[in-house]
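Notebook open, model loaded. I want to work through the strands before I turn to the helices.

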Amino acid sequence: MNEYKTIRQKASGEYEEKRSRFIGSVIPCTTEAEALAFIEKRKKETFGARHNVYAYILRDNNITRFSDDGEPHSTAGMPTLEVLRKQGLTDCCMVVTRYFGGVLLGTGGLVRAYTAAAGLAVENAGIAIMRECYEVAVRCPYSDHSSVERLISDCGGRVKDNNFAEDVTVLFSIIAGDFENCKLKFKDTFCGRLEPEIVGSGFAEV
């Protein structure tokens with residue numbers, strides 16, 4: 001897998017149904033320990049709430065978990081999970097907190113409410129497409145620095161740092177599939193004088 005979708009940032013969203021409040025809270029996370037810690041944190045923060053329903057999906061070990069937390073079977077945890085699945089999201093954890101308003105909602109009402117609260121949280125968080133990237137370094141004379149940064153931008157890369165010493169070492173990230181083309185452009189533009197080298201790899205929003 002050279003790309004995946006996750007949420008951009010921690011966020012929440014609230015939905016009300018017949019005086020019951022449903023608060024969706026979502027975070028990006030990469031491990032089950034992070035997900036479980038967030039679930040426990042929400043339970044402590046929402047003392048007095050009737051339910052804290054959760055769902056999370058993780059790339060690591062292909063983990064998918066959900067819980068109705070006392071709501072009728074398949075009315076809460078599964079609808080919350082489906083919000084994440086339909087958006088194709090992973091590496092995130094959603095908790096939907098319910099404050100009971102005194103009126104029973106029935107199966108349809110619960111599914112609708114949990115789906116709505118989770119959907120609002122995802123909407124507010126934003127979706128990020130994470131692509132496999134290389135961290136690349138290229139060393140150049142000061143006279144070539146501006147041209148190097150322009151070429152990196154033209155290749156779709158993003159400059160992350162500059163180390164100014166006897167020469168300039170430019171550190172940038174680029175989608176893995178674009179690296180070979182970028183390397184060829186460096187060779188043609190600078191007549192083989194400058195050669196970018198891969199120094200690391202990972203996933204990033206580019």
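Entry 1: I started with strand E2 (residues 11-17) and E3, which pair in the antiparallel sense over 7 bridges. I'm noting here that this is a predicted model.

Entry 2: Next I checked how E3 meets strand E6 (residues 92-99): they run antiparallel and are joined by 8 bridges. Opposite Arg 21 I found Tyr 99 in E6. Is strand E3 buried or exposed? I get 7 of the 9 residues of E3 (residues 20-28) as buried, so the strand is largely enclosed by the rest of the structure.

**Entry 3: the whole sheet.** I traced 5 strands in an open sheet, in the order E2-E3-E6-E4-E5, with antiparallel pairing. E2 and strand E5 (63-67) are the edge strands, each pairing on one side only. From one strand to the next, the twist averages 15 degrees. At the E5 end, 5 bridges join E4 to E5, which run antiparallel. There I noted Tyr 56 opposite Arg 65 in E5.

**Entry 4: helices on the sheet.** Helix H1 (residues 32-45) lies across E3, E4, E5 and E6, and I have it running at about 165 degrees to E4. H2 lies across E4, E5 and E6, at about 35 degrees to E4.

**Entry 5: the core.** Which residues touch the most other members of the largest nonpolar core? Out of its 24 residues, I wrote down Phe 22, Val 26, Leu 84, Met 94, Val 96 and Tyr 114. Two or more residues each come from E3, strand E4 (51-58), helix H2 (77-86), E6 and helix H3 (106-125). H3 gives the most, with 8 residues. A reminder to myself: nonpolar side chains tend to be buried together in soluble globular proteins.

I then clicked on Val 96. Leaving aside neighbours within four places in sequence, its contacts include Phe 22, Ile 23, Val 53, Thr 80, Tyr 114 and Ala 118. Apart from this core lies another, of 16 residues, among them Val 138, Ile 152, Val 170 and Phe 186.

**Entry 6: helix pairs.** For H2 and H3, the axes come within 8 Å and cross at roughly 35 degrees, and the crossing is right-handed. On the H2 side I listed Pro 79, Thr 80, Val 83 and Leu 84 as making the contact; the H3 side includes Val 111, Tyr 114 and Val 122.

The second pair I looked at was helix H4 (residues 145-154) and helix H5 (residues 179-189), which pack at an angle of about 145 degrees with their axes 10 Å apart. H4 also passes H5 in a right-handed crossing. Val 148, Leu 151, Ile 152 and Asp 154 in H4 meet Lys 185, Phe 186 and Thr 189 in H5.

**Entry 7: one lysine.** Last, I looked at Lys 5, which is found in strand E1 (residues 3-7). With a relative accessible area of 30%, Lys 5 is partly exposed. What does its side chain reach at 2.8 Å? I found the backbone oxygen of Gln 87 there. Not counting residues up to four places away in sequence, Lys 5 touches Gln 87, Gly 88, Leu 89, Thr 90, Ile 127, Ala 128 and Ile 129. I also took the C-alpha separation from Lys 5 to Ala 49, which is 31 Å for 44 residues along the chain.

Note on methods. Residues numbered from 1 in each chain as written. Predicted model: local features only at pLDDT ≥ 70, side-chain atom pairs only at ≥ 80, totals over all residues. Heavy atoms only, no water. Buried < 20%, exposed > 50% of the residue type's maximum accessible area, 1.4 Å probe, protein only. Helix = DSSP H or I, 4+ residues; strand = E, 2+ residues; numbered from the N terminus. Pairing = 2+ DSSP bridges. Core = buried A, V, L, I, M, F, W, Y, C linked by side-chain atoms within 4.5 Å. Contact = heavy atoms within 4.5 Å. Polar contact = N/O pair within 3.5 Å; in protein donor to acceptor, adjacent residues only side chain to side chain. Axes fitted to C-alpha atoms, helices over the stretch in contact; angles between N-to-C directions. Left-handed = near helix turned anticlockwise from the far one by under 90°.
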